[in-house]
Amino acid sequence: MPEVSRVDLTPAAADLIRRLRAAHGPLMFHQSGGCCDGSAPMCYLEGEFRTGSSDVLLASLTVEGVGEPVTFWMSSSQFERWRHTHLTVDVVPGRGSGFSLEAPEGVRFLIRSRLLTEAERAALDG
């Protein structure tokens, strides 16, 4: 049975991650909870965004061509509301956040979501 994850990447997102990794170094995501940048996955250099006990590591994403996992974090309060949701990181044309590494590329990361299936929930909560 394939490994179940709360987070996946589209091929376009994986390609952009490879380009950003080559230009900047190891990467991480933190799912924004709103405010200035809406609810967007923010891409940073690994460790540039300080995580702590109020954050949940949702996934360590393996991206072909990237030597280390790309971590994906979310605040624990937001995770409580989204815990039954599967997230897919995608890329669309447009202006990203000035704080996220893809901003100068003319594209932005976004989240597509769906409810976890019963089998996914059982595997993740198991």
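Here's a quick briefing on the fold, the nonpolar cores and a handful of residues in this chain. Keep in mind that this is a predicted model. The chain carries 3 helices and 7 strands, and 42% of its 126 residues count as buried. Its radius of gyration is 14 Å, which agrees with the value near 14 Å that a compact globule of 126 residues would have.

**Overall fold**

- Reading from the N terminus, the elements come in the order β-α-β-β-β-β-α-β-β-α.
- The C-alpha trace spans about 40 × 35 × 25 Å along its principal axes.
- If you take the contacts with a separation of 6 or more, 55% of them link residues 24 or more positions apart.

**The nonpolar cores**

- As background, nonpolar side chains in soluble globular proteins tend to be buried together.
- The largest nonpolar core here has 25 residues, and the members touching the most other members are Val7, Ile17, Phe29, Val70, Phe72, Val89 and Phe109.
- Two or more residues of this core come from each of α1 (11-24), β2 (27-31), β4 (55-61), β5 (70-75), β6 (85-93) and β7 (107-115).
- Helix α1 provides the largest share, with 5 residues.
- A separate core of 5 residues lies apart from that one, and its members include Met28, Ala40, Tyr44 and Trp73.

**Strand β2: methionine 28 and glutamine 31**

- Methionine 28 belongs to strand β2, and it counts as buried because its relative accessibility is 1%, against a cut-off of under 20%.
- Leaving aside residues within four places in sequence, methionine 28 has contacts with Met42, Cys43, Tyr44, Leu45, Glu46, Gly47, Glu48, Phe49, Thr51, Val70, Thr71 and Trp73.
- Skipping residues up to four places away in sequence, glutamine 31 touches Ser39, Ala40, Pro41, Phe72, Trp73, Met74, Gln78, Trp82 and Ile111.

**Strand β7: isoleucine 111**

- Isoleucine 111 is part of strand β7.
- Is isoleucine 111 buried or exposed? At 18% relative accessibility it counts as buried, since the cut-off is under 20%.
- Its contacts, not counting residues up to four places away in sequence, are Gln31, Pro41, Phe72, Trp82, Leu87, Thr88 and Val89.
- Isoleucine 111 and alanine 40 are 71 residues apart along the chain, yet their C-alpha atoms are separated by 6.7 Å.

- Glutamate 102 is placed in the loop between β6 and β7, and at 2% relative accessibility it counts as buried.
- Between glutamate 102 and aspartate 8 there are 94 residues of sequence separation, with 18 Å from C-alpha to C-alpha.
- Glycine 106 lies in the loop between β6 and β7 as well, but this residue is partly exposed, with a relative accessible area of 42%.
- Which residues does glycine 106 contact, leaving aside its neighbours within four places in sequence? They are Pro93 and Gly94.
- Proline 93 is 13 residues from glycine 106 in sequence and 6.2 Å from it in space, C-alpha to C-alpha.

Methods: Residues are numbered from 1 along each chain as its sequence is written. This is a predicted model: local features need pLDDT of at least 70, side-chain atom pairs count only at pLDDT 80 or more; totals for chains, interfaces and linings use all residues. Side-chain values use heavy atoms; hydrogens and water are left out. A nonpolar core is a set of buried Ala, Val, Leu, Ile, Met, Phe, Trp, Tyr and Cys residues joined through side-chain atoms within 4.5 Å. Buried means under 20% relative accessible area, exposed over 50%, partly exposed in between (1.4 Å probe, protein chains only). Helices (H or I, at least four residues) and strands (E, at least two) are DSSP runs, numbered from the N terminus. The radius of gyration is taken over C-alpha atoms; the globule rule is 2.2 Å times the number of residues to the power 0.38. Contact means heavy atoms within 4.5 Å.
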